[in-house]
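The points below may be read alongside the sequence and the model.

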Amino acid sequence: RFIVVFLPTNIIKMVTPCDVPVGVITGDDVTKLLQHAKDNGYAIPAFNCTSSSTCNSVLEAAAKCNSPVIIQASNGGAQFTVGKSIKDKNACAVGSVAMAMHVRTVAAFYGVPVILHSDHCAKKLLPWFDGMLEADEAYYAQYGEPLFSSHMLDLSEEPDEENIAICVEYFKRMAPMKIWLEMEIGITGGEEDGVNNEDVDPEKLYTSPEQVYSVYEALSPIGNMFSIAAAFGNVHGVYKPGNVSLQPARLATHQEFTKEKISASEDKPIFLVMHGGSGSTDEEIATAVKAGVVKMNVDTDTQWAYWDGTRKFVAENSDYLQGQIGNPKGPDAPNKKFYDPRVWIRKAEESMGERCGVSMEKLGSKGTFPPKKPESGTTPIYNFKPIAHNPLKDAVEGVSKMVASAMGK
């Protein structure tokens with residue numbers, strides 16, 4: 001069976017759908033989906049979410065667009081999810097877990113595959129990362145898969161040697177559970193989640209092929225479930241096209257360099273990720289995807305879209321939002337149908353969902369996954385079934401043997 005897909009390179013292509021289940025996917029299914037994206041010339045948008053409402057907006061958009069999708073929690077977004085008043089040192093980890101559990105509970109009802117991811121984790125935020133891995137291990141012990149599909153380490157502010165060494169240690173811990181690792185080498189400009197690179201040396205915004213290969217060389221003996229966010233002038237935040245000097249053509253050079261180094265038969269042996277894409281031209285996005293970018297982060301644009309839906313609703317219904325009673329229909333007329341949060345938050349969700357759809361279209365993921373919405377009543381209300389044994393010990397021992405063999409020990 002084939003489906004027709006409009007790729008970001010303005011090419012119409014017949015694509016065989018990826019054979020992965022709906023709902024949150026992990027392990028080999030994540031690898032299969034990302035390989036399918038790379039092989040077929042599309043990327044999957046990754047949306048930062050801060051609540052069940054924003055998660056649902058993303059899921060609804062993915063269902064409408066017949067697209068796989070990535071939902072990700074940032075450190076700040078996770079803090080918002082657990083509640084801004086909670087000052088516990090584990091608050092951000094708990095917020096991430098809460099978001100993950102919500103997505104796991106509802107995702108299958110939307111009929112699309114979902115990668116559950118955590119976003120940028122700088123060195124100072126490693127306790128948050130540790131907390132999520134602790135949750136992954138506990139979930140794995142009960143259910144045979146990790147809570148999250150993937151996690152990102154962003155140690156790009158550190159020297160390359162330290163950055164890679166820390167990634168290696170964490171990847172060893174993640175590999176037994178088949179959790180995908182995303183890492184960043186080279187710096188994304190601008191500011192996000194308390195990491196400020198607005199005044200960084202411009203040259204550091206461009207990663208070299210040698211840097212990318214050094215990551216591949218260090219991580220590949222442990223496993224193949226990793227991707228690299230290589231900087232090519234990216235900047236967090238929103239800018240007019242042309243105000244940021246993106247050079248996505250550099251990504252193809254990274255692929256060529258590593259291919260030659262490892263004598264690969266595949267033209268694009270590396271899974272690449274694009275950050276700081278707000279304000280990018282369609283041509284820049286298409287060039288990046290063609291070079292092997294399989295994931296692109298989207299945050300600033302969807303933040304605006306969520307607010308814009310609320311803003312328009314308030315502007316159109318201002319006379320009904322000045323008090324609980326009293327509007328143009330009369331001094332005693334009730335306004336509950338206007339100020340009820342389910343009304344104006346829904347407008348925010350619809351607006352954000354439309355913007356999510358734009359990203360899916362630009363990245364070529366729209367239409368790549370035929371809808372598989374379950375029949376009403378067929379999806380379990382409580383879809384968590386503990387397994388009788390603990391697979392983590394066996395998995396750890398298996399990966400340890402594999403790494404030792406790869407290292408010649």
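In which loop does Lys-178 lie? Lys-178 is found in the loop between α6 (160–174) and β8 (180–185). The model under discussion is a predicted one, and the points that follow should be read accordingly.

1. Overall composition. The protein chain contains 13 helices and 15 strands. Of its 409 residues, 54% count as buried. The accessible surface of the protein chain amounts to about 18800 Å², and carbon and sulfur atoms account for 54% of that surface. Among contacts between residues at least 6 apart in sequence, 71% join residues at least 24 apart.

2. The nonpolar cores. The largest nonpolar core comprises 79 residues, and those with the most contacts inside it are Ile-71, Phe-129, Leu-219 and Ile-228. Helix α5 (residues 126–143) supplies the largest share of this core, namely nine residues. Apart from this core lies another, of 17 residues, which includes Val-20, Phe-271, Val-294 and Phe-369.

3. The surroundings of Phe-129. Leaving aside residues up to four places away in sequence, Phe-129 touches Cys-121, His-151, Met-152, Leu-153, Tyr-170 and Met-174.

4. Ala-122 is located in the loop between β6 (113–118) and α5. Ala-122 is buried, because its relative accessible area is 5%, and buried means under 20%. Although Ala-122 and Asp-154 are 32 residues apart along the chain, their C-alpha atoms are separated by 5.0 Å.

5. The two sides of helix α8. Which residues of α8 (residues 249–262) are buried? They are Leu-251, His-254, Gln-255 and Thr-258. These residues lie on the same side of α8 because they cover an arc of only 95° around the axis. The face turned away from this buried side carries the exposed residues Ala-249, Glu-256 and Glu-260.

6. The packing of helix α8. The buried residues of α8 pack against both helices and strands: α7 (209–219) and α9 (282–290) on the one hand, and β11 (226–230), β12 (272–274) and β13 (293–298) on the other. Just after α8, Ser-263 adopts a positive phi of about 55°.

7. The crossing of α3 and α4. Two packed helices are described by the angle between their axes and the distance between the axes. For helix α3 (residues 75–82) and helix α4 (residues 91–106), the axes come within 7 Å and cross at roughly 80°. This angle makes α3 roughly perpendicular to α4. On the α3 side, the contact is made by Asn-75, Ala-78, Gln-79, Thr-81 and Val-82. On the α4 side, Ala-91, Cys-92, Val-94, Gly-95, Ser-96, Ala-98 and Met-99 take part.

8. Positive phi values in loops. Most residues other than glycine have a negative phi. Asn-66 has a positive phi of about 50° although it is not a glycine, and its place is in the loop between α2 (52–65) and β5 (69–73). Asn-66 is partly exposed, with a relative accessible area of 23%. Lys-178, also not a glycine, has a positive phi near 55°. Lys-178 counts as partly exposed, at 37% relative accessibility.

Terms used:
Residues are numbered from 1 along each chain as its sequence is written. This is a predicted model: local features need pLDDT of at least 70, side-chain atom pairs count only at pLDDT 80 or more; totals for chains, interfaces and linings use all residues. Side-chain values use heavy atoms; hydrogens and water are left out. Buried means under 20% relative accessible area, exposed over 50%, partly exposed in between (1.4 Å probe, protein chains only). Helices (H or I, at least four residues) and strands (E, at least two) are DSSP runs, numbered from the N terminus. The arc is that of the directions from the helix axis to the C-beta atoms. Contact means heavy atoms within 4.5 Å. A nonpolar core is a set of buried Ala, Val, Leu, Ile, Met, Phe, Trp, Tyr and Cys residues joined through side-chain atoms within 4.5 Å. Accessible areas come from the Shrake-Rupley method with a 1.4 Å probe; for residues, only the protein chains shown count as cover. Axes are lines fitted to C-alpha atoms, for helices over the stretch in contact, and angles run from 0 to 180 degrees between N-to-C directions. Angles under 35 degrees count as roughly parallel, over 145 as roughly antiparallel, 65 to 115 as roughly perpendicular and the rest as oblique.
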